[in-house]
Amino acid sequence: MRLELFENKLKIKQLAVVLVTSAFVVSCGSSKSVSANKKSGTKTVTKSENLRKLDSKFDGKVPRSISDILKDAEKYLGTPYKFGGNTSSGFDCSGFTVKVFEENDFSLPRRSSDQAEAGKNIDIRDVKPGDLLFFATGGGSRVSHVGIVHDIGPDGEVKFIHASTSKGVIISSLNEKYWNKAYLHAQRVL
C-alpha cells in the first residue's frame, strides 16, 4: 500500500514537472529569440539596427482614454507572472492586456495570437502609447507574447508594459536585445 502511494505521488510530481516545463515553452516570454532581416535598397539591415534608429512620429500627446489605460496597467507593476492568469494575483501576457483594456470598457481576444489580428497593423515608427506590440519569443514567426506601448522617448525609444515570465508585470524597452530580436509587429486597437 505504501509503495503504491509512493508511486502515485511520484507520477503526480512527474506530471507537474512536464506541465510546468511545457507552460514555459509555449507561454509569454520563453527564452528563444528570433532573428530576421529586412531589405532596404541594396543594403541588408537587421531588424535590431532598424529599431534602434527609430525615427518616431509620436508627438508626445496622449489622449485621456489612453492615459487611463496606462494608469490601470501601471497599478499592476510587480504583479507576478501566472500561466493562464488574468487577475491581480497573477497574469500571463495576454491576460494582462485583456484585464487592462477590459477595465476601460474595451474587449480584446484572450490569446496573444488573436490579439495580433485585432485592430489595424501599424509601422513601428507610427506607434503611440496604448498600441499593442507582438513578439515571437519561442522562435519562428508565431506570436507568443504581447505588451502595451507605454511611452516613447525623445530619441524614439519605445517602452512597453507587459507580463514577463521571469519578473511579472514590468516595463521593458524595444532597445533591449532580447525584445528587439523577438519583435514582430504592432497593432492599433483603439
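**Exercise 1. Is Lys99 buried, partly exposed or exposed, and what is its relative accessibility?**

Solution. The model is predicted: local features need pLDDT of at least 70, side-chain atom pairs count only at pLDDT 80 or more, and totals for chains, interfaces and linings use all residues. Residues are numbered from 1 along each chain as its sequence is written, and side-chain values use heavy atoms, with hydrogens and water left out.

Step 1. Take the classes: buried means under 20% relative accessible area, exposed over 50%, and partly exposed in between (1.4 Å probe, protein chains only). Lys99 has 24% relative accessibility, so Lys99 counts as partly exposed.

Step 2. Lys99 lies in helix H4; helices (H or I, at least four residues) and strands (E, at least two) are DSSP runs, numbered from the N terminus.

Step 3. List the contacts, where contact means heavy atoms within 4.5 Å. Leaving aside residues up to four places away in sequence, Lys99 touches Tyr76, Asn86 and Phe91.

**Exercise 2. State the order of the strands in the open sheet and name its edge strands.**

Solution. Step 1. The protein has six helices and 10 strands. Six strands form an open sheet in the order E5-E10-E6-E7-E8-E9, with antiparallel pairing. Two strands count as paired if DSSP finds at least two bridges between them.

Step 1. E5 (120-122) and E9 are the edge strands, since each pairs on one side only. From one strand to the next the twist averages 35°. Axes here are lines fitted to C-alpha atoms, for helices over the stretch in contact, and angles run from 0 to 180 degrees between N-to-C directions.

Step 2. Look at two of the pairings. E7 and E8 run antiparallel and are joined by four bridges; Ile152 stands opposite Val158 in E8. Helix H3 packs on the sheet and touches E7, E8 and E9, its direction making about 115° with that of E7. H4 also packs on the sheet, touching E6, E7, E8 and E9, at about 55° to the direction of E7.

Step 3. E8 (residues 158-164) and E9 (residues 168-173) pair in the antiparallel sense over six bridges. The hairpin that joins E8 to E9 runs through three residues. Val169 in E9 is the bridge partner of Ala163.

**Exercise 3. Work out why the buried residues of helix H3 are said to line one face.**

Solution. Step 1. H3 spans residues 64-74, and its buried residues are Ile66, Ile69, Leu70, Asp72 and Ala73.

Step 1. Seen down the axis of H3, the buried residues fall within an arc of 160°, so they line one face of the helix. The arc is that of the directions from the helix axis to the C-beta atoms.

Step 2. Check the other side: the face of H3 turned away from the buried one carries the exposed residues Arg64 and Lys71.

Step 3. Find what the buried residues of H3 pack against: helix H4 (93-102), strand E7 (145-152), E8 and E9.

**Exercise 4. Describe the aromatic pair of Phe135 and Tyr183.**

Solution. Step 1. The whole structure holds nine aromatic pairs. Rings of Phe, Tyr and Trp (its six-membered ring) pair if their centres lie within 6.5 Å; planes under 30 degrees apart count as stacked, over 60 as edge-to-face and the rest as tilted.

Step 1. Phe135 and Tyr183 are 6.1 Å apart centre to centre, with 75° between the planes, and the pair is edge-to-face. It links distant parts of the chain, 48 residues apart: Phe135 in strand E6 (residues 132-135) and Tyr183 in strand E10 (residues 183-188).

Step 2. Both partners are classed by accessibility. Phe135 is buried at a relative accessible area of 0%, and Tyr183 is buried at 4%.

Step 3. Ring pairs link Phe135, Phe160, Tyr178, Trp179 and Tyr183 into a cluster.
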